[in-house]
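Here is a short briefing to read alongside the chain on your screen. Please keep the viewer open, and follow the residue numbers as you go.

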Amino acid sequence: MDSTGNVIDTTRTIPGAGDHNGQIWSILVPRKKNKFRISVQHPDYETKEMEVEMGNPARLNSYTFPEMLLKRIFAEKETELGEVTVRATRVKLCYKGDTLEVDARAFRLSEGSMLESLVRNIPGAELKDNGDIYMNGKKVDYLTLNGKDFFKGNNRVMLDNLPYYTVDKLQFFHQSSERSLMAGKDVERQDYIMNVKLKQEYNTGYLGNVEAGIGTHERWLGRGFALRFTDNSRLSLFGNANNVNDKRKPGGNGAWENMSSPEGNAKTYHVGGELLVDDKKGLYKEVLNATFLWNRDKGEQRLTSQQFLQQGDLFRYGNELTHERNFSFHVNNHLALKRIGAISDTRIEYSDVNNWSLSRNALFAQQMKGGTKEILDSVFSAVESSQIQDILVNRVKDDNANVGNKWMVEQKMDYHKTLPWGDDLMLYASGQWSKYKNDRNSLYSLHYTNEDMQDDVQNRYKQEQGCSYHFNAKATYAIHFLTGWHLNISYAHHQQHSHDDNNLYRLDWDENYCQNGILPSQTDYFRLRDDRNSPHNRLTISEEHVIGSLHRHDYDSKRGRYFSLTALIDANYAVQKGTYSRGAQIAKPTDRHWLVNPSVDMEYETRNWRDAYQFHYDTKMRSPNLEQMTDMEDTSNPLVLQKGNPNLRPSQIHNGTLSFRSRFGTHGQFVMLRTNISVKANLVAMNTIYNSVSGAYTYIPVNINGNWSSNNSIDFRRALTTNRKTNLETRTTYDYIHGVDMKDNQKSTVAQHIVRQNIKLDYKSHSSVFSLLGGLSWREAQTNGNDNIHNVDFNYGASIQADLPFKIRLSTDIKMYSRRGYADRSLCTNNLLWNAQLDYSTCKGHILISAKAFDILRQISTTYSTVNSQARMETWRLSLPSYFMLCIQYKFNKNPKRK
């Protein structure tokens with residue numbers, strides 16, 4: 001209203017809609033200096049008014065008004081209802097404006113599940129092992145809890161520790177960044193957020209759960225999670241200890257794929273906490289979190305590879321045992337001073353490692369029959385057969401130990417100022433310091449079958465230490481045109497310096513050395529140093545960036561449309577200066593290049609957000625590695641000679657993506673088409689030159705062209721019945737990879753065709769969910785001068801989740817995994833995997849007792865195949881053994897009394 005009380009404009013907020021998820025509302029007023037009175041009304045709150053004064057608007061297109069807190073009205077209402085019968089089916093996915101909302105109650109998961117299990121079961125969602133989430137092919141930038149940050153940047157903490165039973169909704173939407181929210185307008189691209197909305201009873205007060213389990217094969221686990229909530233603060237603590245090394249639950253999608261099956265024999269101890277305080281007056285926000293991780297792991301890996309060479313293929317068989325003992329901690333502090341537009345981020349990290357490995361490998365001129373372990377046992381036995389000696393090139397045994405640590409400290413500062421005429425000034429600075437140290441021991445043994453070659457036995461001790469720092473400074477001036485376009489002009493300076501000192505000592509050069517891990521006397525200390533293979537490096541990188549970006553975001557809630565366009569160009573003048581020394585050899589290379597990196601992003605949603613078109617293009621230019629440009633040789637490994645190439649040029653990667661998705665029909669039909677093309681120019685390849693007498697390789701970096709790839713996919717899902725109890729979901733992908741590399745100074749080309757098909761059919765009743773699952777992966781690799789390679793992996797199975805008598809819940813899945821076309825015939829197998837879980841809830845739902853059985857038929861294995869322009873590789877890794885486990889979980893929550 002104006003000063004006389006005349007209404008100028010009205011607006012209404014819609015929860016869950018809008019580019020700020022209902023957090024910001026706007027009204028339109030005349031562009032002139034004036035006074036206004038704003039009245040806010042809500043049926044559940046007392047009406048409140050405030051007066052505001054707007055000065056000369058100049059190029060301002062918005063004003064941010066102070067927050068207005070409303071007092072809620074608590075009134076008891078009594079309504080007499082007649083007898084009614086309600087039958088409802090919960091819909092898993094629905095759209096509210098531009099927000100995709102997932103109803104967690106529509107999923108029938110076991111009560112002990114965590115948030116990760118819910119995300120894995122969402123149609124169209126993909127969860128990576130590192131915690132990255134993709135929804136309908138689009139990557140989620142951050143996870144929030146009730147609209148607030150939660151261990152920002154570390155999705156795994158929430159995924160692994162937040163109980164599924166506390167979740168009401170998952171909301172996927174675009175949200176302005178923290179800097180944009182402080183400015184009151186978008187000054188940079190919006191983030192794609194997954195917000196976890198808790199059930200009402202868990203929004204305030206305390207909640208927590210603890211779980212303990214013990215199983216066969218000495219398996220055990222313990223987990224605890226506690227959360228305290230208020231409207232403006234949150235305290236969370238978690239702890240997780242187990243030697244299960246797996247997070248999946250029986251009765252899910254049965255997704256125990258070869259690449260992601262639990263590996264090794266790990267013990268993990270993970271604890272952490274976070275404190276968040278968000279001032280209710282909007283003055284500041286403080287977030288402090290810390291995590292500590294201890295990991296103990298024992299693993300085994302077997303490798304079979306076929307290397308494509310002009311003079312005939314070579315076949316390598318390898319086996320490696322590993323023991324790892326690692327520790328790390330991370331501390332992060334985020335402080336936002338909203339009124340003055342300043343943001344501070346502090347990060348401290350520390351890690352130490354204590355690892356051991358024993359590897360054996362043998363190189364043959366012909367393909368061997370049998371399994372990798374059997375072949376190596378025969379090669380390394382006391383007596384070799386004459387048949388093996390005729391085709392064996394060499395064999396290597398290496399016993400390694402490594403002890404080290406690393407520190408890292410980083411500070412970021414961000415400042416934003418809105419100028420009186422409507423433009424914005426943004427300043428950014430960051431600095432990072434890191435330091436590392438490693439001590440490595442290696443007992444290396446090389447044996448040749450060629451009598452003209454001399455065997456080599458080395459006892460190596462290597463000291464590695466280094467320090468580096470990074471500094472960045474950036475100034476941005478943002479111009480906001482009245483037409484809705486925004487122009488950002490930036491200048492940035494980046495400087496990086498690092499120095500690394502490596503000393504390699506050949507303890508086997510001392511005839512009197514005892515193998516007890518202690519260096520000889522100080523007199524012999526320098527005599528045993530292999531100066532030629534003890535590099536000392538200094539590198540300084542200086543970059544000057546001139547960046548221009550033009551962007552626009554249009555949001556039309558009435559028509560259900562959204563348009564976003566961002567065009568950016570980054571012109572970077574990069575200078576690299578280095579000093580590299582190996583003994584008496586010293587090189588001081590310098591590299592200067594202009595690196596131009598443009599990008600374009602466009603997104604258009606229309607038809608009430610039912611159709612969406614997305615386009616992305618970018619070019620990434622990278623300077624060559626300066627160390628690879630030095631004319632020095634590394635001869636520390638007798639089978640590997642590494643050389644430099646001073647003529648390396650910058651590489652370029654052109655990447656383009658086009659996608660379309662649509663919702664249509666009355667059965668929740670969804671289709672998404674996506675295609676991506678990536679063209680790579682001047683990539684750095686390692687020209688591999690093979691010595692047929694010794695079996696040694698010489699590697700020389702060179703630039704090469706001709707590499708490109710294409711990824712294409714079609715996703716489709718729909719309900720097959722009007723009540724949406726039966727649903728179909730499919731995903732079809734086709735990838736083409738054209739790889740070009742260098743071998744023996746000649747180009748080597750491999751063309752790969754990869755087709756994948758996955759299908760899932762669900763039937764959901766009131767008390768159960770039944771699913772049929774199937775998948776196929778077919779790969780063909782066409783190599784020049786070699787036979788084509790064909791691999792096929794396929795699987796099929798079912799999963800059931802059902803309520804049984806006596807309040808028992810059953811979750812089970814069974815799936816057959818089959819592999820064909822592997823060179824190692826022992827990997828062409830059929831593995832029937834069956835997992836099951838029974839849950840019983842008592843004490844009004846506070847106690848949950850679970851009996852779990854993993855890999856009941858003892859069939860699980862971890863095997864996968866990769867092919868590139870130089871070789872094909874088939875890998876087997878030690879898998880988690882079959883086990884049974886009994887768990888008990890206690891959960892609690894306490895809500896404050898209503899005042």
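In which order do the six strands of the open sheet with mixed pairing stand? The order is 3-4-10-11-8-9. This is a predicted model, in which local features need pLDDT of at least 70 and side-chain atom pairs count only at pLDDT 80 or more, while totals for chains, interfaces and linings use all residues. Residues are numbered from 1 along each chain as its sequence is written, and side-chain values use heavy atoms, with hydrogens and water left out.

**The chain as a whole**

- The protein chain has six helices and 44 strands; helices (H or I, at least four residues) and strands (E, at least two) are DSSP runs, numbered from the N terminus.
- Of its 899 residues, 46% count as buried, where buried means under 20% relative accessible area, exposed over 50% and partly exposed in between (1.4 Å probe, protein chains only).
- Among contacts in the protein chain with a separation of 6 or more, 66% come from residues 24 or more positions apart; contact means heavy atoms within 4.5 Å.

- The open sheet ordered 3-4-10-11-8-9 has strand 3 (93-96) and strand 9 (148-149) as its edge strands, each pairing on one side only; two strands pair if DSSP finds at least two bridges between them.
- Four bridges pair strand 4 (residues 99-103) with strand 10 (residues 167-175) in the antiparallel sense, and Leu 100 has Phe 172 in strand 10 as its bridge partner.
- On the pairing of strand 8 (residues 142-145) with strand 11, the sense is parallel, over four bridges, and the bridge partner of Leu 143 is Met 194 in strand 11.
- Strand 11 (residues 191-198) is largely enclosed by the rest of the structure, because seven of its eight residues are buried.

- Another open sheet has three strands in the order 5-6-7, with antiparallel pairing.
- Strand 5 (125-127) and strand 7 (138-139) are at its edges with a single partner strand each, so one side of each is left without a neighbour in the sheet.
- Strand 6 (residues 133-135) pairs with strand 7 over two antiparallel bridges, and Met 135 has Lys 138 in strand 7 as its bridge partner.
- The charged end of Lys 138 sits over the ring of Tyr 192, 4.9 Å from its centre; a charge sits over a ring if NZ of Lys or CZ of Arg is within 6 Å of the ring centre and within 35 degrees of the ring normal.

- Strand 38 (residues 789-804) and strand 39 (residues 808-820) run antiparallel and are joined by 13 bridges.
- These two, strand 38 and strand 39, form a hairpin with three residues between them, and Phe 806 in the turn has a positive phi of about 65 degrees.
- Strand 39 is also joined to strand 40 (residues 830-842) by 11 bridges, again antiparallel.
- Ser 818 in strand 39 is the bridge partner of Phe 794, and Ser 818 stands opposite Asn 830 in strand 40.

- Phe 292 and Trp 294 are a stacked pair, 6.5 Å centre to centre with 20 degrees between the planes; Phe 292 is partly exposed at 30% relative accessibility, and Trp 294 is partly exposed at 31%.
- Tyr 690 and Tyr 697 make a tilted pair, 5.3 Å centre to centre with 45 degrees between the planes, and both tyrosines are buried.
- One aromatic cluster is formed by Phe 292, Trp 294, Phe 327, Phe 329, Tyr 350 and Trp 407.
- The charged end of Arg 460 sits over the ring of Tyr 444, 4.7 Å from its centre.

Technical notes. Phe/Tyr/Trp six-rings, centres within 6.5 Å; stacked < 30°, edge-to-face > 60°.
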